[in-house]
Amino acid sequence: MFTAGSDSTSVNIRWGLLYMIANPDVQAKAQKELDKVVGRDRMPRLSDKADLPYFQATLLEITRKASTARLSALHAASEDTTLNGYNIPKGAIVMANLWACHYDAEVFAEPEVFRPERFLNDAGDKVVQRDELIPFSTGRRFCLGDNLARMELFVIISHLLHRFTFKSPPDQCTALGMARLPNNVKICAIQRE
C-alpha cells in the first residue's frame with residue numbers, strides 16, 4: 001500500500017510542477033493565495049486548507065489532468081446486469097476507464113485545458129467537489145490511500161509553491177504531451193523572497 005501510494009503521489013507531484021511551469025498564471029495565482037492566507041513567515045499547514053480554495057482547486061485539476069492511474073483495479077460483476085444497453089454477465093471482469101472520465105468533454109469542458117476554476121463555485125471562493133473526479137477510483141474498492149495521498153499532495157505542493165517559483169530552463173521547451181510519466185524533465189526552482 002505504501003509503495004503504490006508513494007509512487008502515485010510522487011508522479012502527481014511531478015505532473016503538478018510541470019503544470020505550474022506550463023501555466024505560470026495558475027502558479028502565480030496559487031502563490032498569491034498562499035501568501036495572503038499563510039504569509040511569508042511560516043509554512044502552510046493542513047489547517048489552512050479550508051482558506052485556500054484556489055490552491056485546493058489547483059490540486060484537484062492536477063489529479064484530473066494527470067490521471068496517473070488510467071484504469072481502476074479489476075472488479076468482477078456479482079450478477080448479470082445491463083449497463084447502457086450492454087449485457088454484462090456475472091463473473092465478467094470490469095475496469096473503469098478513469099482517464100476517459102477525466103477527459104470527457106461533456107463532463108469537463110475543454111478537458112485538455114488546465115483550468116482549476118472548474119472546481120470552484122461561481123464566486124471562486126468555495127471548492128466544488130465533483131463526483132466525476134475519481135483519480136483514486138470509486139465505489140467500495142477505491143484506493144485506501146486516497147485521504148493520505150490528498151494530504152501529501154496538499155502539504156508537499158503547498159510547501160514547494162510557498163518557497164519556489166518553477167520555470168523551465170532556458171534551453172528546454174516544456175511541451176506536455178500524452179505520456180503519463182514526466183521523466184527526465186529539467187525544472188528550475190527559483191527561491192521566492
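Guide: Contact means that heavy atoms lie within 4.5 Å. This is a predicted model, in which local features need pLDDT of at least 70, side-chain atom pairs count only at pLDDT 80 or more, and totals for chains, interfaces and linings use all residues. Residues are numbered from 1 along each chain as its sequence is written, and side-chain values use heavy atoms, leaving out hydrogens and water.

Visitor: Which residues does Asn 12 touch?

Guide: Leaving aside residues up to four places away in sequence, Asn 12 touches Ile 62, Thr 63, Ala 66, Thr 68 and Leu 153.

Visitor: Why is Asn 12 called buried?

Guide: Buried means under 20% relative accessible area, and exposed over 50%, with partly exposed in between (1.4 Å probe, protein chains only); Asn 12 has 3% relative accessibility, so Asn 12 counts as buried.

Visitor: What makes the buried residues of α2 line one face of the helix?

Guide: Helices are DSSP runs (H or I, at least four residues) numbered from the N terminus, and α2 covers residues 24-38. Val 26, Gln 27, Ala 30, Gln 31, Glu 33, Leu 34 and Val 38 are buried in α2. Seen down the axis of α2, these buried residues fall within an arc of 160°, so they line one face; the arc is that of the directions from the helix axis to the C-beta atoms.

Visitor: Which residues of α2 are exposed on the other side?

Guide: On that other side of α2, Asp 25, Lys 32 and Lys 36 are exposed.

How values were computed. Helix = DSSP H or I, 4+ residues; strand = E, 2+ residues; numbered from the N terminus. Expected span 1.5 Å × (residues − 1).
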